[in-house]
Every structure is written in C-alpha cells, then in structure tokens.
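Hello,

Here is the structure I promised to hand over. My notes on the side-chain contacts follow below it.

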Amino acid sequence: LYKPRGVVTTTSDDKKRKTVLDLLETNKRLYPVGRLDYDTTGLLLLTNDGELTNLLIHPKNNIDKVYVAKINGIMNAKEIKTLENGVIIDGVKTSKCKVKVRKIDKKNNNSLVQIIIHEGKNHQVKKMFNAINYEVLKLKREKLAFLDLSGLKPGEYRKLNIKEVKKLYSLK
C-alpha cells in the first residue's frame, strides 16, 4: 500500500479517522507490518501472516527500511557520520544506518535526506534527526527490503505475487 498522509496505520480508530484498511477492497483480516505515522507517507505492507510480519520487523534480521526525509537545514559530514553511527533516542542508541543527502535547497534552507534503518522504533526517523537538531518536515518510506512504490499513487495498493512472498521469506 502507498499510504497517503492523513491516514492512521491501524485496523480501527476510536477517533473515527481514516485507517489503512479503509483504503483496501478486501474482506480478509489484514494487519499492518510496522507503522507509519499519521503524517508519514509511503510503503506499508499489510498481511495476515504473523511469521512474515515477525521476520520483517525484527531488528536482528537487518531488513532495510528506506526513508526520505525533508529536513530543515543542511547537514554537514560530521552530522551524517553521527547519524550513521547511531544516536540516543528514548535512552537507547539506535543501530548503525546509512545516510545520503539527495538534494540541498540553499534558498529555502532544507535538504532531502535518504536514511536506511533496520529497526522500527516509535517515530524513530523523526527522533534521530531531532537528536542532531533537525526537524523532519516530511517523511516517506520508499522501500521495505526489495519492495518499492513503483506504479502506485498515494492510496493505491497491489497484491504481492508468490515470487515476492518467497523472496521475503528468503531474507532470514
């Protein structure tokens, strides 16, 4: 699913907000694999396969989660290294990650930064940037393992084929 902004990653919402399940045409019981914040867009996998969910979300399996963040300001090499080596969020140091500045907008003093993590802590990417004094203005998950958003617009989804499911299982 290409999760749009303004949709909650849950199966039901007591505040009556639109949920990711509202975007699907299915009568199967599906659950999100991990979470994307209300204002975060991008790739979200939904499944009824608990074993696959655990494989994809457990940090020990080192499954790449690729995000692109629009941040206020322009990072320097030292700050990139600091993020890559892990920062303290909620009293715990994050695992090593990969960071690449994709685009710098000097006029508006912001940057597009790609970050590849293997964990999925609550608000992790936002908190990581915040730990080095940058605010995330927009956040999008572009990839989960080898899956990406190719051919999808926000709110659209597609079913995985059997080859993709087998490839996901082969990642352990």
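**Aromatic rings and charges**

Searching the whole structure turned up zero aromatic pairs. A pair here needs rings of Phe, Tyr or Trp (its six-membered ring) with centres within 6.5 Å; planes under 30 degrees apart are stacked, over 60 edge-to-face, and the rest tilted. One ring does have a charge over it: the charged end of K167 sits 4.4 Å from the centre of the F146 ring. The test is NZ of Lys or CZ of Arg within 6 Å of the ring centre and within 35 degrees of the ring normal.

This is a predicted model, with local features needing pLDDT of at least 70 and side-chain atom pairs pLDDT 80 or more, while totals for chains, interfaces and linings use all residues. Residues are numbered from 1 along each chain as its sequence is written, and side-chain values use heavy atoms, without hydrogens or water.

**Salt bridges**

There are eight salt bridges in the structure (a side-chain nitrogen of Lys or Arg within 4 Å of a carboxyl oxygen of Asp or Glu).

- R17 pairs with D13, with the closest N and O atoms 2.9 Å apart. R17 is partly exposed at 31% relative accessibility; D13 is buried at 15%. The cut-offs are under 20% for buried, over 50% for exposed and partly exposed in between (1.4 Å probe, protein chains only).
- K127 and D90 meet at 2.7 Å, N to O. K127 is in helix α3 and D90 in the loop between β6 (88–89) and β7 (92–93), so this bridge ties together parts 37 residues apart in sequence. Helices (H or I, at least four residues) and strands (E, at least two) are DSSP runs, numbered from the N terminus. K127 is partly exposed at 25%, and D90 is exposed at 63%.
- E119 and K121 also form a bridge, 2.7 Å from N to O. E119 is buried at 6%; K121 is partly exposed at 33%.

Shared partners also join D37, D39 and K126 into one salt-bridge network.

**Around Q124**

Where is Q124 found? It is in helix α3, residues 124–131. Q124 is buried, at 3% relative accessibility. A polar atom of its side chain lies 3.4 Å from the backbone nitrogen of G120 and another such distance, to the backbone nitrogen of K121, is 3.0 Å. Leaving out residues up to four places away in sequence, Q124 touches I89, T94, I117 and E119 (contact: heavy atoms within 4.5 Å).

Best wishes

Conventions
A polar contact is a pair of N or O atoms within 3.5 Å; within protein, one must be able to donate a hydrogen and the other to accept it, and residues adjacent in sequence count only if both atoms are side-chain atoms.
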